[in-house]
Amino acid sequence: MRAILYDTFGGAEVLSLKDTDKPEPGPGDVRVKVVTVGVNPLDYKRRYGWVEQFYPTTFPAVPGLEFAGVVDALGDGAGDTFAVGDEVFGLTRTGAYAEYALAGDIAHKPAALSFEAAAALPVAGETAQRVLDELGLAQGETLLLHGAAGAVGQVAVQFAVARGATVVGTASPANHDFLRTLGAVPVAYGAGLADRVRAAAPQGVDAVFDAAGHDALPVSIALRGGTTDRIVTIADMTAAEHGVPFSAGGTPSEQVRAYLAAHARLAVEGRLAVPVVETFPLADAAKAQELSEAGHVRGKLVITV
């Protein structure tokens with residue numbers, strides 16, 4: 001099969017398209033023919049070796065966590081839930097930037113959901129759901145969401161608004177009108193952020209979700225009255241220095257699979273949107289990661305295999 005591989009940490013130049021062996025399904029495994037792959041900031045962070053404490057790398061490595069595709073082969077005992085030919089989406093154990101992958105947590109893809117849209121859901125949906133649950137966000141509360149226009153941020157806005165919360169979302173001014181359509185109150189990041197948040201939320205901030213990084217934690221702590229309580233980051237690797245938890249997963253598999261199915265239903269019903277802003281062929285995976293690393297992507301980048 002063809003796959004994107006890298007055998008050392010570094011910039012996008014370490015990625016190369018190569019022929020390699022298909023992963024073989026063992027007992028209980030589901031192998032999929034990958035159709036589309038979701039690109040995430042975590043992909044380039046892992047490529048640089050920045051998150052080894054959470055996601056250790058074995059070389060040669062295939063990037064990518066989330067995919068949509070078609071079941072291709074089943075290991076012994078794996079035929080109870082899935083059959084060859086089923087359209088599925090979710091997470092992979094062997095890397096998604098490849099023609100074939102062994103599934104991790106997956107769910108059936110609804111026929112009404114495109115492969116591109118399905119590949120955009122798993123990471124953003126699970127991450128947003130997990131962090132809002134960790135924060136205990138409830139109806140009537142106010143959430144400060146850093147990086148609200150990114151894929152995780154957009155999903156978090158939609159989930160938080162559905163819970164009856166007020167969302168103040170940081171983003172560049174070019175994304176403010178878009179965030180308003182999702183139900184958020186947008187504010188520009190940068191110098192003076194604390195004053196802008198206080199003006200947008202005179203009632204105060206009950207919880208903070210940092211999906212951006214970029215030194216958002218000190219101002220977040222200040223806006224929470226000096227406490228680190230109910231602040232969670234998925235983007236700032238210096239979180240421990242500030243006494244703030246870094247959320248890196250750990251959701252039980254059964255719960256992840258339930259999230260996948262629920263989020264797919266919401267997407268089909270038009271109650272959850274994760275726009276795909278650009279697609280790339282597998283050979284251009286490095287370009288996709290470079291664009292992701294540059295930031296300012298409103299939605300998801302998807303690789304087609």
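A salt bridge here is a side-chain nitrogen of Lys or Arg within 4 Å of a carboxyl oxygen of Asp or Glu. By that rule, a search of the whole structure turns up 16 salt bridges. Keep in mind that this is a predicted model, where local features need pLDDT of at least 70 and side-chain atom pairs count only at pLDDT 80 or more, while totals for chains, interfaces and linings use all residues. Residues are numbered from 1 along each chain as its sequence is written, and side-chain values use heavy atoms, with hydrogens and water left out.

- Arginine 2 and glutamate 99 meet through their side chains in a salt bridge, at 3.3 Å from N to O.
- Arginine 2 sits in strand β1 (residues 2-5) and glutamate 99 in the loop between β5 (87-92) and β6 (100-108), so this pair ties together parts 97 residues apart in sequence; helices (H or I, at least four residues) and strands (E, at least two) are DSSP runs, numbered from the N terminus.
- Glutamate 293 pairs up with arginine 47, with 3.1 Å between the closest N and O atoms.
- Glutamate 293 belongs to helix α10 (residues 285-294) and arginine 47 to helix α1 (residues 41-48), so the bridge joins parts 246 residues apart in sequence.

**How accessible the partners are**

- Buried means under 20% relative accessible area, exposed over 50%, and partly exposed in between (1.4 Å probe, protein chains only).
- Arginine 2 is partly exposed at 30%, whereas glutamate 99 is buried at 18%.
- Glutamate 293 is partly exposed at 29%, while arginine 47 is buried at 0%.

**A network**

- Glu24, Arg31 and Asp72 are linked in a network of salt bridges.
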